[in-house]
Amino acid sequence: MEYVRLGTTGMKVSRICLGMMSYGDPERGPDWVLSEDAARPLVRRAAEAGVNFFDTADTYSAGVSEEITGRLLREIFPRREQYVLATKVFFPVDPEVNDRGLSRKHIHAAIDASLTRLGTDYVDLYQIHRWDDATPIEETMEALNDLVRAGKVRYIGASSMYAWQFAKAQHTAERHGWTRFASMQPHYNLIYREEEREMIPLCLDQGVGLIPWSPLARGLLARAGAEDETARSGADGRIEILYGGPGDAEVLRRLAQTAGARRVPPAQVALAWLLAQPGVTAPIVGATKERHVDDAVAAEALALTGEELAYLAEPYLPRSVSI
(Lines give C-alpha, C1' and ligand atoms only; values in the text may rest on other atoms or scores of the structure.)
Protein backbone atom coordinates (compact mmCIF):
# COMPACT_ATOMS: atom_id res chain seq x y z
CA MET A 1 0.00 0.00 0.00
CA GLU A 2 1.27 3.44 -0.94
CA TYR A 3 0.97 6.32 1.53
CA VAL A 4 0.71 9.93 0.42
CA ARG A 5 0.29 13.32 2.04
CA LEU A 6 -3.24 14.60 2.47
CA GLY A 7 -3.09 17.75 0.36
CA THR A 8 -0.21 19.94 1.51
CA THR A 9 -0.35 18.66 5.10
CA GLY A 10 2.35 16.48 6.58
CA MET A 11 -0.14 13.70 7.42
CA LYS A 12 0.27 10.48 5.41
CA VAL A 13 -2.77 8.43 4.43
CA SER A 14 -3.21 5.19 2.51
CA ARG A 15 -4.35 5.61 -1.09
CA ILE A 16 -7.53 3.75 -0.18
CA CYS A 17 -9.85 5.06 2.52
CA LEU A 18 -12.35 2.62 4.02
CA GLY A 19 -15.80 4.20 4.26
CA MET A 20 -17.59 3.16 7.44
CA MET A 21 -21.13 4.17 6.43
CA SER A 22 -21.89 0.50 5.70
CA TYR A 23 -21.57 -0.40 9.39
CA GLY A 24 -24.25 0.43 11.91
CA ASP A 25 -27.54 -0.92 13.22
CA PRO A 26 -29.23 -3.30 10.74
CA GLU A 27 -32.51 -3.02 12.66
CA ARG A 28 -32.69 0.69 11.87
CA GLY A 29 -31.92 0.03 8.21
CA PRO A 30 -31.21 0.33 5.43
CA ASP A 31 -31.06 -3.35 4.54
CA TRP A 32 -27.42 -3.29 3.43
CA VAL A 33 -26.00 -1.98 6.73
CA LEU A 34 -23.81 -4.52 8.53
CA SER A 35 -23.58 -5.17 12.26
CA GLU A 36 -20.37 -4.76 14.22
CA ASP A 37 -19.65 -8.49 14.14
CA ALA A 38 -20.13 -8.60 10.37
CA ALA A 39 -17.97 -5.49 9.89
CA ARG A 40 -15.06 -6.70 12.03
CA PRO A 41 -13.41 -9.08 9.48
CA LEU A 42 -13.74 -6.48 6.72
CA VAL A 43 -12.11 -3.69 8.72
CA ARG A 44 -9.39 -6.06 9.87
CA ARG A 45 -8.79 -7.23 6.31
CA ALA A 46 -8.40 -3.63 5.16
CA ALA A 47 -6.01 -2.81 8.01
CA GLU A 48 -3.90 -5.91 7.32
CA ALA A 49 -3.66 -4.81 3.67
CA GLY A 50 -2.21 -1.47 4.76
CA VAL A 51 -5.28 0.78 4.90
CA ASN A 52 -4.77 3.37 7.66
CA PHE A 53 -7.51 5.85 6.65
CA PHE A 54 -11.11 5.44 7.87
CA ASP A 55 -14.04 7.78 7.21
CA THR A 56 -17.39 7.95 8.99
CA ALA A 57 -19.96 10.60 10.01
CA ASP A 58 -22.09 11.32 13.04
CA THR A 59 -25.29 10.92 11.01
CA TYR A 60 -24.56 7.38 9.78
CA SER A 61 -26.95 5.04 11.60
CA ALA A 62 -27.65 7.93 13.99
CA GLY A 63 -24.18 7.67 15.56
CA VAL A 64 -23.90 3.88 15.65
CA SER A 65 -21.36 3.90 12.80
CA GLU A 66 -19.07 6.10 14.89
CA GLU A 67 -19.44 3.76 17.87
CA ILE A 68 -18.57 0.71 15.78
CA THR A 69 -15.72 2.53 14.05
CA GLY A 70 -14.17 3.55 17.33
CA ARG A 71 -14.41 0.12 18.91
CA LEU A 72 -13.06 -1.76 15.89
CA LEU A 73 -10.12 0.57 15.31
CA ARG A 74 -9.11 0.41 18.99
CA GLU A 75 -9.35 -3.37 18.80
CA ILE A 76 -7.35 -3.76 15.58
CA PHE A 77 -4.64 -1.10 16.01
CA PRO A 78 -2.41 -1.23 19.11
CA ARG A 79 -1.82 2.53 19.07
CA ARG A 80 -4.05 5.51 18.18
CA GLU A 81 -1.27 7.06 16.09
CA GLN A 82 -1.37 4.12 13.66
CA TYR A 83 -4.58 5.16 11.91
CA VAL A 84 -6.16 8.30 10.48
CA LEU A 85 -9.73 8.81 11.65
CA ALA A 86 -12.14 11.10 9.82
CA THR A 87 -15.72 12.00 10.65
CA LYS A 88 -18.22 14.64 9.60
CA VAL A 89 -20.75 17.16 10.91
CA PHE A 90 -23.85 18.80 9.44
CA PHE A 91 -26.77 16.39 9.15
CA PRO A 92 -28.95 15.69 12.22
CA VAL A 93 -28.38 12.79 14.57
CA ASP A 94 -31.33 13.67 16.82
CA PRO A 95 -34.51 15.66 16.02
CA GLU A 96 -33.71 18.76 18.10
CA VAL A 97 -33.81 22.02 16.16
CA ASN A 98 -30.14 22.88 16.83
CA ASP A 99 -28.85 19.36 16.17
CA ARG A 100 -27.97 20.13 12.55
CA GLY A 101 -26.10 22.60 10.40
CA LEU A 102 -22.81 24.38 10.99
CA SER A 103 -23.54 26.84 13.78
CA ARG A 104 -20.98 27.32 16.53
CA LYS A 105 -23.45 25.71 18.93
CA HIS A 106 -23.89 22.59 16.85
CA ILE A 107 -20.24 22.16 15.84
CA HIS A 108 -19.01 22.29 19.45
CA ALA A 109 -21.74 19.92 20.64
CA ALA A 110 -21.28 17.58 17.70
CA ILE A 111 -17.51 17.12 18.09
CA ASP A 112 -17.88 16.26 21.77
CA ALA A 113 -20.60 13.73 20.96
CA SER A 114 -18.50 12.23 18.15
CA LEU A 115 -15.42 11.94 20.35
CA THR A 116 -17.49 10.13 22.98
CA ARG A 117 -18.92 7.69 20.44
CA LEU A 118 -15.53 7.13 18.81
CA GLY A 119 -13.81 6.63 22.15
CA THR A 120 -10.94 9.01 21.40
CA ASP A 121 -9.88 12.49 22.46
CA TYR A 122 -9.25 13.77 18.91
CA VAL A 123 -10.10 13.11 15.28
CA ASP A 124 -7.51 13.50 12.56
CA LEU A 125 -9.87 14.99 9.97
CA TYR A 126 -13.13 16.75 10.83
CA GLN A 127 -15.24 17.54 7.80
CA ILE A 128 -18.31 19.63 7.12
CA HIS A 129 -20.72 17.27 5.39
CA ARG A 130 -22.43 20.01 3.35
CA TRP A 131 -22.64 23.82 3.06
CA ASP A 132 -24.96 25.59 5.51
CA ASP A 133 -26.88 28.50 3.96
CA ALA A 134 -28.35 29.38 7.36
CA THR A 135 -25.04 30.06 9.12
CA PRO A 136 -22.47 32.76 8.24
CA ILE A 137 -19.29 31.13 6.97
CA GLU A 138 -17.28 33.26 9.43
CA GLU A 139 -19.08 31.56 12.32
CA THR A 140 -18.43 28.10 10.91
CA MET A 141 -14.76 28.64 10.12
CA GLU A 142 -14.03 30.24 13.49
CA ALA A 143 -15.74 27.35 15.30
CA LEU A 144 -13.70 24.80 13.34
CA ASN A 145 -10.52 26.76 14.08
CA ASP A 146 -11.41 26.67 17.78
CA LEU A 147 -11.56 22.85 17.63
CA VAL A 148 -8.10 22.69 16.08
CA ARG A 149 -6.69 25.04 18.70
CA ALA A 150 -8.36 23.00 21.46
CA GLY A 151 -6.65 19.83 20.20
CA LYS A 152 -9.90 18.02 19.44
CA VAL A 153 -9.24 18.11 15.67
CA ARG A 154 -5.95 17.88 13.77
CA TYR A 155 -7.15 18.96 10.29
CA ILE A 156 -10.42 20.09 8.77
CA GLY A 157 -12.02 19.16 5.48
CA ALA A 158 -15.18 19.74 3.47
CA SER A 159 -17.55 17.71 1.32
CA SER A 160 -19.80 18.38 -1.66
CA MET A 161 -20.57 22.04 -2.33
CA TYR A 162 -20.15 24.55 -5.14
CA ALA A 163 -16.63 25.70 -5.93
CA TRP A 164 -17.49 29.33 -5.15
CA GLN A 165 -18.62 28.27 -1.68
CA PHE A 166 -15.40 26.38 -1.02
CA ALA A 167 -13.34 29.33 -2.27
CA LYS A 168 -15.30 31.66 0.01
CA ALA A 169 -14.66 29.42 3.02
CA GLN A 170 -10.94 29.19 2.30
CA HIS A 171 -10.68 32.94 1.78
CA THR A 172 -12.54 33.60 5.04
CA ALA A 173 -10.13 31.37 6.97
CA GLU A 174 -7.07 32.91 5.34
CA ARG A 175 -8.28 36.46 5.95
CA HIS A 176 -8.70 35.82 9.68
CA GLY A 177 -5.66 33.60 10.18
CA TRP A 178 -7.83 30.56 10.88
CA THR A 179 -7.28 26.94 9.83
CA ARG A 180 -8.03 26.26 6.16
CA PHE A 181 -9.57 23.11 4.75
CA ALA A 182 -6.96 20.48 3.91
CA SER A 183 -9.26 18.20 1.95
CA MET A 184 -12.36 18.09 -0.21
CA GLN A 185 -14.66 15.06 -0.37
CA PRO A 186 -16.39 15.39 -3.76
CA HIS A 187 -18.78 13.11 -5.62
CA TYR A 188 -16.48 11.81 -8.36
CA ASN A 189 -16.35 8.66 -10.48
CA LEU A 190 -16.37 7.49 -14.10
CA ILE A 191 -20.06 8.35 -14.59
CA TYR A 192 -20.15 11.55 -12.54
CA ARG A 193 -17.34 13.96 -13.41
CA GLU A 194 -18.91 17.39 -13.02
CA GLU A 195 -16.36 18.24 -10.30
CA GLU A 196 -13.79 18.48 -13.10
CA ARG A 197 -15.41 21.77 -14.16
CA GLU A 198 -14.42 23.97 -11.22
CA MET A 199 -13.95 22.18 -7.90
CA ILE A 200 -11.05 19.93 -8.86
CA PRO A 201 -9.08 22.70 -10.63
CA LEU A 202 -9.59 24.88 -7.54
CA CYS A 203 -8.32 22.12 -5.24
CA LEU A 204 -5.32 21.46 -7.49
CA ASP A 205 -4.44 25.15 -7.44
CA GLN A 206 -4.81 25.40 -3.67
CA GLY A 207 -3.10 22.11 -2.75
CA VAL A 208 -6.27 20.55 -1.32
CA GLY A 209 -6.39 16.75 -1.24
CA LEU A 210 -9.31 14.99 -2.96
CA ILE A 211 -10.96 12.03 -1.23
CA PRO A 212 -13.93 11.20 -3.50
CA TRP A 213 -17.11 9.60 -2.20
CA SER A 214 -19.08 7.00 -4.19
CA PRO A 215 -16.06 6.10 -6.36
CA LEU A 216 -18.00 3.11 -7.71
CA ALA A 217 -21.22 5.07 -8.32
CA ARG A 218 -23.18 3.25 -5.61
CA GLY A 219 -22.02 -0.07 -7.06
CA LEU A 220 -23.01 0.58 -10.68
CA LEU A 221 -19.39 0.58 -11.84
CA ALA A 222 -18.62 -2.61 -9.92
CA ARG A 223 -21.50 -4.35 -11.71
CA ALA A 224 -20.60 -3.16 -15.23
CA GLY A 225 -21.55 -5.88 -17.69
CA ALA A 226 -23.75 -7.73 -15.16
CA GLU A 227 -27.53 -7.80 -14.84
CA ASP A 228 -27.88 -8.66 -11.16
CA GLU A 229 -28.93 -6.13 -8.54
CA THR A 230 -27.53 -5.76 -5.02
CA ALA A 231 -29.51 -5.13 -1.84
CA ARG A 232 -28.33 -1.54 -1.82
CA SER A 233 -29.03 -0.81 -5.48
CA GLY A 234 -32.52 -2.26 -5.22
CA ALA A 235 -33.41 0.00 -2.31
CA ASP A 236 -31.45 3.11 -3.33
CA GLY A 237 -33.73 5.64 -5.01
CA ARG A 238 -30.89 8.11 -5.50
CA ILE A 239 -29.20 5.90 -8.09
CA GLU A 240 -31.76 6.98 -10.68
CA ILE A 241 -31.33 10.63 -9.68
CA LEU A 242 -27.53 10.67 -9.77
CA TYR A 243 -26.84 8.38 -12.70
CA GLY A 244 -28.29 7.23 -16.01
CA GLY A 245 -26.89 10.08 -18.09
CA PRO A 246 -26.73 9.85 -21.90
CA GLY A 247 -23.14 8.60 -21.96
CA ASP A 248 -23.29 6.23 -19.00
CA ALA A 249 -24.19 3.06 -20.91
CA GLU A 250 -21.16 3.41 -23.18
CA VAL A 251 -18.86 4.15 -20.23
CA LEU A 252 -20.13 0.99 -18.52
CA ARG A 253 -19.66 -1.03 -21.71
CA ARG A 254 -16.07 0.16 -22.10
CA LEU A 255 -15.41 -0.47 -18.40
CA ALA A 256 -16.63 -4.07 -18.70
CA GLN A 257 -14.59 -4.51 -21.89
CA THR A 258 -11.41 -3.13 -20.33
CA ALA A 259 -11.87 -5.24 -17.20
CA GLY A 260 -12.39 -8.33 -19.36
CA ALA A 261 -9.23 -7.64 -21.32
CA ARG A 262 -7.32 -7.16 -18.08
CA ARG A 263 -8.99 -10.20 -16.49
CA VAL A 264 -9.87 -8.25 -13.37
CA PRO A 265 -13.23 -7.16 -11.89
CA PRO A 266 -14.70 -3.87 -13.20
CA ALA A 267 -14.42 -2.37 -9.71
CA GLN A 268 -10.63 -2.58 -9.88
CA VAL A 269 -10.50 -0.78 -13.22
CA ALA A 270 -12.95 1.93 -12.13
CA LEU A 271 -10.96 2.61 -8.96
CA ALA A 272 -7.66 2.51 -10.82
CA TRP A 273 -9.01 5.12 -13.26
CA LEU A 274 -10.00 7.37 -10.35
CA LEU A 275 -6.67 6.93 -8.57
CA ALA A 276 -4.92 8.06 -11.75
CA GLN A 277 -6.79 11.38 -11.89
CA PRO A 278 -4.92 14.57 -10.88
CA GLY A 279 -5.20 15.49 -7.22
CA VAL A 280 -6.97 12.33 -6.06
CA THR A 281 -5.51 11.23 -2.73
CA ALA A 282 -7.74 8.34 -1.68
CA PRO A 283 -11.20 7.25 -2.86
CA ILE A 284 -13.56 6.40 -0.01
CA VAL A 285 -14.57 2.80 -0.64
CA GLY A 286 -17.43 1.08 1.14
CA ALA A 287 -17.16 -2.66 1.72
CA THR A 288 -19.83 -5.17 2.70
CA LYS A 289 -17.97 -8.22 1.35
CA GLU A 290 -14.33 -9.31 1.53
CA ARG A 291 -13.96 -8.99 -2.25
CA HIS A 292 -14.85 -5.30 -1.98
CA VAL A 293 -11.78 -4.77 0.20
CA ASP A 294 -9.64 -6.97 -2.03
CA ASP A 295 -10.72 -5.11 -5.18
CA ALA A 296 -9.91 -1.73 -3.63
CA VAL A 297 -6.46 -2.86 -2.50
CA ALA A 298 -5.72 -4.44 -5.88
CA ALA A 299 -6.83 -1.27 -7.69
CA GLU A 300 -4.16 0.74 -5.89
CA ALA A 301 -1.52 -1.36 -7.64
CA LEU A 302 -3.26 -1.52 -11.03
CA ALA A 303 -1.63 0.89 -13.48
CA LEU A 304 -3.82 1.62 -16.49
CA THR A 305 -2.20 2.79 -19.70
CA GLY A 306 -2.79 6.26 -21.08
CA GLU A 307 -4.84 4.69 -23.87
CA GLU A 308 -7.03 2.81 -21.38
CA LEU A 309 -7.59 5.92 -19.27
CA ALA A 310 -8.64 7.92 -22.32
CA TYR A 311 -10.82 5.10 -23.68
CA LEU A 312 -12.77 4.90 -20.42
CA ALA A 313 -13.19 8.67 -20.14
CA GLU A 314 -14.08 9.54 -23.74
CA PRO A 315 -17.84 8.65 -23.82
CA TYR A 316 -18.77 10.74 -20.76
CA LEU A 317 -21.32 13.48 -21.39
CA PRO A 318 -21.88 16.39 -18.97
CA ARG A 319 -25.04 16.57 -16.88
CA SER A 320 -26.49 18.78 -14.14
CA VAL A 321 -24.29 19.36 -11.11
CA SER A 322 -25.44 17.40 -8.07
CA ILE A 323 -24.29 18.29 -4.56
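## Reading the contacts and cores

Reply: Happy to walk through this one with you. In this predicted model, tyrosine 23 touches Leu18, Val33, Leu34, Ala39, Leu42, Val43, Ser61, Ser65, Ile68 and Ala287, leaving out residues up to four places away in sequence.

Me: What makes these residues count as touching tyrosine 23?

Reply: Contact means heavy atoms within 4.5 Å, and Leu18 and Ala287 are among the residues listed for tyrosine 23 on that basis. Tyr23 also stands out in the largest nonpolar core: of its 86 residues, Tyr23 and Tyr126 touch the most other members. Helix 10 (residues 266-275) gives the most to this core, with 8 residues. Apart from it lies another core, of 11 residues, including Met11, Val13, Leu125 and Ile211.

Me: Why is cysteine 17 called buried?

Reply: Buried means under 20% relative accessible area. Cysteine 17 has 0% relative accessibility, so it counts as buried.

Me: And why does cysteine 203 count as buried?

Reply: The cut-off is again under 20%. Cysteine 203 has a relative accessible area of 1%, and therefore it is buried too.

Me: How do you know that cysteine 17 is in no disulfide?

Reply: A disulfide needs a pair of cysteine sulfur atoms within 2.5 Å. For cysteine 17, the nearest cysteine sulfur is that of cysteine 203, 16 Å away. A search of the whole structure finds 0 disulfides.

Me: Why are helix 3 and helix 4 called roughly parallel?

Reply: Angles under 35 degrees count as roughly parallel. Helix 3 (residues 104-118) and helix 4 (residues 137-149) pack at about 30°, with their axes 9 Å apart. The two helices are therefore roughly parallel to each other. Their crossing is right-handed. On the helix 3 side the contact is made by Arg104, Ile107, His108 and Ile111, while helix 4 brings residues including Glu139, Ala143 and Leu147.

Me: What makes glycine 209 count as buried?

Reply: With the limit at under 20%, the 3% relative accessibility of glycine 209 means that this residue counts as buried. You will find glycine 209 in strand 9 (residues 209-210).

Me: Which residues are in contact with glycine 209, leaving aside its neighbours within four places in sequence?

Reply: Those are Gly7, Ala182, Ser183, Met184, Gly279 and Thr281. Arginine 5 is 204 residues apart from glycine 209 along the chain, yet their C-alpha atoms are separated by 8.2 Å.

Conventions
Residues numbered from 1 in each chain as written. Predicted model: local features only at pLDDT ≥ 70, side-chain atom pairs only at ≥ 80, totals over all residues. Heavy atoms only, no water. Core = buried A, V, L, I, M, F, W, Y, C linked by side-chain atoms within 4.5 Å. Buried < 20%, exposed > 50% of the residue type's maximum accessible area, 1.4 Å probe, protein only. Helix = DSSP H or I, 4+ residues; strand = E, 2+ residues; numbered from the N terminus. Axes fitted to C-alpha atoms, helices over the stretch in contact; angles between N-to-C directions. Parallel < 35°, antiparallel > 145°, perpendicular 65-115°, else oblique. Left-handed = near helix turned anticlockwise from the far one by under 90°.
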